[in-house]
Amino acid sequence: MALARCDEHKPDNSGDDYHTYALPVGYPQTAVTCDVADCHNPARLWLTKDERQRFLAGERVFSVAGGTRLRVADDLFPN
Ligand SMILES: [Zn+2]
């Protein structure tokens, strides 16, 4: 499941996941905020290995904790 995290709270990417991120539509003027408690910064959407493959296949809507789904823009960025 994708993680919504700001620049100050990048996820641990020591495993296969969260090596790349996409930007929520409108970033940084986005309604999506970092999922760290008390952090209100705009979030990037960090993708799992599987989600990265789905992104490359054209998917742009991904789930985050709680079941909310986010739409991302067309660029993919390395960590
Ligand atoms: Zn944060």
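A73 touches A22, L23 and V25, leaving out residues up to four places away in sequence, where two residues are in contact if their C-beta atoms, placed from the backbone, lie within 7 Å. This is a predicted model, in which local features need pLDDT of at least 70 and side-chain atom pairs count only at pLDDT 80 or more, while totals for chains, interfaces and linings use all residues. Residues are numbered from 1 along each chain as its sequence is written.

- A73 is found in the loop between β5 and β6, where strands (E, at least two residues) and helices (H or I, at least four residues) are DSSP runs numbered from the N terminus.
- With 13 other C-beta atoms within 10 Å, A73 is partly exposed; a residue is buried if 20 or more other C-beta atoms lie within 10 Å of its own, exposed if 12 or fewer, and partly exposed in between, with C-beta atoms placed from the backbone.
- Although A73 and A22 are 51 residues apart along the chain, their C-alpha atoms are separated by 6.8 Å.
- Seen from A22, and leaving aside its neighbours within four places in sequence, the contacts are L45, L47, F55, V72, A73 and L76.
- D75 also has its place in the loop between β5 (69-71) and β6, and D75 is exposed, with 9 other C-beta atoms within 10 Å.
- The C-alpha atoms of D75 and N13, which are 62 residues apart along the chain, are separated by 20 Å.

**The chain as a whole**

- The chain contains one helix and six strands, and from the N terminus on its elements run β-β-β-α-β-β-β.
- The radius of gyration of the chain is 11 Å, close to the 12 Å that the globule rule gives for 79 residues, so the chain is as compact as a globular protein of that length; this radius is taken over C-alpha atoms, and the rule is 2.2 Å times the number of residues to the power 0.38.
- Along its principal axes, the C-alpha trace of the chain spans about 35 × 25 × 25 Å.
- Of the 79 residues in the chain, 28% are buried.
- Among the contacts in the chain with a separation of 6 or more, 64% are accounted for by residues 24 or more positions apart.

**The sheet**

- Four strands form an open sheet in the order β1-β3-β2-β6, with antiparallel pairing; two strands pair if DSSP finds at least two bridges between them.
- The edge strands of this sheet are β1 (3-5) and β6 (77-78), each of which pairs on one side only.
- β2 and β3 run antiparallel and are joined by three bridges, and the bridge partner of A22 in β3 is L45.

**The helix**

- The buried residues of helix α1 (residues 49-56) are E51, R52 and F55.
- Just after α1, G58 takes a positive phi of about 115°.

**The nonpolar core**

- In soluble globular proteins, nonpolar side chains tend to be buried together.
- The largest nonpolar core has 16 residues, and those with the most contacts inside it are A2, A22, L45, W46, L47, F62 and V72; such a core is a set of buried Ala, Val, Leu, Ile, Met, Phe, Trp, Tyr and Cys residues joined through C-beta atoms within 7 Å.
- The elements that give two or more residues to this core are β1, β2 and β3, and β3 supplies the largest share, three residues.

**Backbone features in the loops**

- Most residues other than glycine have a negative phi, and most peptide bonds are trans.
- Y18, found in the loop between β1 and β2, has a positive phi near 65°, and Y18 counts as buried, with 21 C-beta neighbours inside 10 Å.
- D38, whose place is in the loop between β2 and β3, has a positive phi near 70°, and D38 counts as exposed, with 5 C-beta neighbours inside 10 Å.
- A cis peptide bond, with omega about 5°, joins Y27 and P28, and P28 lies in the loop between β2 and β3.
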